[in-house]
Every structure is written in structure tokens, then in C-alpha cells.
There are 2 protein chains.
Amino acid sequence: MAKEGTGQPERDPEGVSRFVEHFAAQLVMAGMPRMPARVFAALLVSDTGAGGSAELGEALRISPAAVSGAVRYLDQQHLVSREREPGSRRERYRVHGDQWYEALTSREAVIRRWQDALREGIASVGPDSPAGRRLGETLAFFEFVEKEVEGIMDRWRVHREERFERE
Amino acid sequence: MAKEGTGQPERDPEGVSRFVEHFAAQLVMAGMPRMPARVFAALLVSDTGAGGSAELGEALRISPAAVSGAVRYLDQQHLVSREREPGSRRERYRVHGDQWYEALTSREAVIRRWQDALREGIASVGPDSPAGRRLGETLAFFEFVEKEVEGIMDRWRVHREERFERE
DNA sequence: CCTTAACTTCACAAATTTGTGAAACAAGCG
DNA sequence: CGCTTGTTTCACAAATTTGTGAAGTTAAGG
């Protein structure tokens, strides 16, 4: 396609929009409601990583009300934060740049709830029954994963650091 | 025909039911529809790890039709398999004992789709724009995780092996 | 074959979720 | 002080999802 040789490739609005929808679709498959997913994706591709209700609403062709609802959800999940820009009545929602995927993956509280449910089940069927053994193995798996996830995130921070310095 | 062991702790039906609901709730939060989640949980706690439509329907107080629909979903997700028991018209749905959580976590196809969506986005905003950099870092994260997950599952198999032998 | 048991499919009613317009609310600006 | 712009809340209509009863399908057992 026609691109000027300034070195800075220009934004392709249609492509951006396709990305937003595709990325949001992944989030939806992972269990996030539709609007929050789209808003989050839109924030991710914005150059500033932040934007207001009106701005997002226009980009996604949804009402400001829908944006507001979506942001409330994202805020509760700690996926965005709200900032008040001093000289303006515009509120800005910001995606935490390098931390959002940690929020998505590490959430140890989630793993804990799986573990709690499993322990409850083991108690109810008896640990030595076949079912008890199966649940016990699953519990062991979650306990294992819990530790490993920590390790992964540590290694990732190192990895990212290196990558960042090289550039 | 169940053999009642002398020292076997007895099943607590109410506790089992509570487990099924709690565990299913976790699955739902992770994005699984309600009925499939309940059916899956019910299979997990059953001593045989398998059961038929009628049996499951009675345990969960839902119609055979609902069970059927749930199983179709679980089958598509490769979370259960169907077996035909030779001398009977009873079909049995079975949970893959020690492999189901691998299906839940490892699914590399899922990670690939995230990566594809991100690459698309990076192309659309330009890799050197601020947004491009943010997406690039996210992509790097997913690539990193993809490799790490492999490692985790390998280490888990070793870990499980040890645990199993010790018992 | 004809009956019967087990499961599946289908059409639909009920329940839930979604997104909107309208009104309320806040906060800078004149 | 109001006016004006940007955001949130609320009630509700539309759309989607869910689970059921009833009819359909397959295969065992007489």
C-alpha cells in the first residue's frame, strides 16, 4: 500500500479496528464480557495508553454509558486505573503498560480458590477413594502451578529487562 | 456394584454437591458455560470418573437434554471422551484423569491466536510507535510464556511421577 | 421384528445479559 | 455564580443464552 518514506509508518485505522475486535475476541473467549474487552483492546492500541469516555466511545461506536460500565469492570479487575487530568474535566483511563498481563496471569487469589474448592471435595469423598485420589492429583497440579507461575514472572522480568536494554 | 470398604471414609453427599457447585463456579469464572462446568465437576468427583446421561442428570437435577448439550461442549473442548460400553445401551462419558488440566492450560493454539492478533495490531500501528512498542512487549510476553508453559508441563510430569511413586 | 432403554435433537419459553437514551452529577471556565 | 463539557447512574428494551419437554434416533433383548 501507499506509504510515505518518512520512516514513521502511519496508522492504518481499518487495521487498528480489526485488531481491536480480534484481540477483544480473545479476551471474551477467556471469559471477559464483551464491552470491557473492546475498551481494553482500544486502550492497548492507543498511542498514549489512555483515553476518555467520549474518545473511546467514538472509536468503538458505543455510547459513553457503555464505556463507563466497561471501565468500572476493568477497574475492579485492576486492568486499568483512572487518572484525573488536572486542567481538564476529561477523565483518563490508563492501561498499566507492563503490568496488565501480570494481573491476568498471576492472580494468586484465583488459584487459591481452585485449591480451596478441591480440598473441600477431597474431604467430602475421602482422600483414599478413587475420586479422592483424582482430586488430590489435581490439587497437587494447582499447587505446583502456583509455585511455577511465580518463577515464570520472575524470569520474565529479567528477560524483559534484557530485551529493553538491547533496544 | 460398589464394594463398601471397611476403613473407607464414607462419601458425604451434601459435601460432594457443594464441591460440584463451587468447582463449577470456578470453571464458569474461567469462561466455561454453566451446565458443562457442572457436568464436568460431577464427572471429576465420581469414583469411576465416568457416567451416563441419566446418571449425571439425576445427580445434578437437570434434564438428560441438558447433559447431552453439556457433553457435546466438553467433547469439543477435549475435556471428556465418550465410550460405548459393549453390552449395554449406556454411553459413558469419561474425564481424562490426569490430562484434563493439561488441556486447560497448555493449549498452544490459544496462545497462538493471541500472538496472531498482536502481530496484526503491531503491523497496523507501526512497530516504532508508542502503541507498537506496547503491543510488541505484550507479544514478547506471550512468546515467553509459550516456551515456559512447555517447560512447566515437563517439570510437572516429573514431579507427578515422583509423587506417585512415593505414595 | 417389535419393544424398550439410553441418548440426542429441536423448538420454544424463561431467565439473564447487554447496551442505550435520558437524566443526574461534577468540575472547570467565563 | 451559572454555563458548558465530560462522565456516571438508572430504567428499560433488545438480544442472547439457557434449560426443558417432546419427538426422533439407535441399538439391545426378547
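This is a predicted model: local features need pLDDT of at least 70, side-chain atom pairs count only at pLDDT 80 or more; totals for chains, interfaces and linings use all residues.

Reader: Fine. Which residue forms a salt bridge with A:Arg18, and how far apart are the closest N and O atoms?
Author: B:Glu120. The closest N and O atoms are 3.0 Å apart.

Reader: And what does B:Arg18 meet in a salt bridge?
Author: The side chain of A:Glu120. The N to O distance is 3.0 Å. B:Arg18 sits in helix H1 (residues 13-29) of chain B and A:Glu120 in helix H6 of chain A, so this pair joins two chains.

Reader: How many salt bridges between chain A and chain B?
Author: Six. Over all chains, the whole structure has 25.

Reader: Polar contacts across the interface, how many residue pairs?
Author: Between chain A and chain B, 19 residue pairs, with both residues at pLDDT 80 or more.

Reader: Which helices of chain A supply at least two residues to the side that touches chain B?
Author: Helix H1 (13-29), helix H2 (34-45), helix H5 (100-106), helix H6 (108-125) and helix H7 (130-166). H7(A) gives the largest share of that side, 19 residues.

Reader: What's the class breakdown on the side of chain A that touches chain B?
Author: 28 nonpolar, 17 polar and 15 charged residues.

Reader: Now area. How much do chain A and chain B bury between them?
Author: About 5,100 Å², with 65% of it on carbon and sulfur atoms. In chain A, the residues losing the most area to chain B are A:Trp114, A:Arg134 and A:Phe141. Together they make up 14% of what that side buries.

Reader: And how many residues are in contact?
Author: 60 residues of chain A with 60 residues of chain B.

Reader: Switching to sheets. What's the strand order in chain A?
Author: E1-E3-E2, an open sheet of three strands with antiparallel pairing. Strand E1 (50-51) and strand E2 (80-84) of chain A are at the edges with a single partner strand each, so one side of each lacks a neighbour in the sheet.

Reader: How many bridges join E1(A) to strand E3 of chain A?
Author: Two. Strand E3 covers residues 91-95, and the two strands run antiparallel. A:Ala50 has A:Arg94 as its bridge partner in E3(A).

Reader: What lies across E2 and E3 of chain A?
Author: Helix H4 (residues 64-76) of chain A. Helix H4 runs at about 115° to E2(A).

Reader: Over to chain B. How do E1 and E3 pair there?
Author: Antiparallel, through two bridges; E1 is residues 50-51 and E3 is residues 91-95 of chain B. B:Ala50 is partnered by B:Arg94 in E3(B).

Reader: And over how many bridges do strand E2 of chain B and E3(B) pair?
Author: Five, in the antiparallel sense, with E2 spanning residues 80-84. E2(B) and E3(B) form a hairpin, with six residues between them.

Reader: Which residues in E3(B) face B:Val80 and partner B:Arg84?
Author: B:Val95 stands opposite B:Val80. B:Glu91 is the bridge partner of B:Arg84.

Notes:
Residues are numbered from 1 along each chain as its sequence is written. Chains are lettered from A and ligands numbered from 1 in the order in which they are written. Side-chain values use heavy atoms; hydrogens and water are left out. Contact means heavy atoms within 4.5 Å. Buried area is the accessible area (1.4 Å probe) that two parts lose on being put together, summed over both. A salt bridge is a side-chain nitrogen of Lys or Arg within 4 Å of a carboxyl oxygen of Asp or Glu. A polar contact is a pair of N or O atoms within 3.5 Å; within protein, one must be able to donate a hydrogen and the other to accept it, and residues adjacent in sequence count only if both atoms are side-chain atoms. Helices (H or I, at least four residues) and strands (E, at least two) are DSSP runs, numbered from the N terminus. Ala, Val, Leu, Ile, Met, Phe, Trp, Tyr, Cys and Pro count as nonpolar, Asp, Glu, Lys and Arg as charged, and the others, Gly among them, as polar. Two strands pair if DSSP finds at least two bridges between them. Axes are lines fitted to C-alpha atoms, for helices over the stretch in contact, and angles run from 0 to 180 degrees between N-to-C directions.
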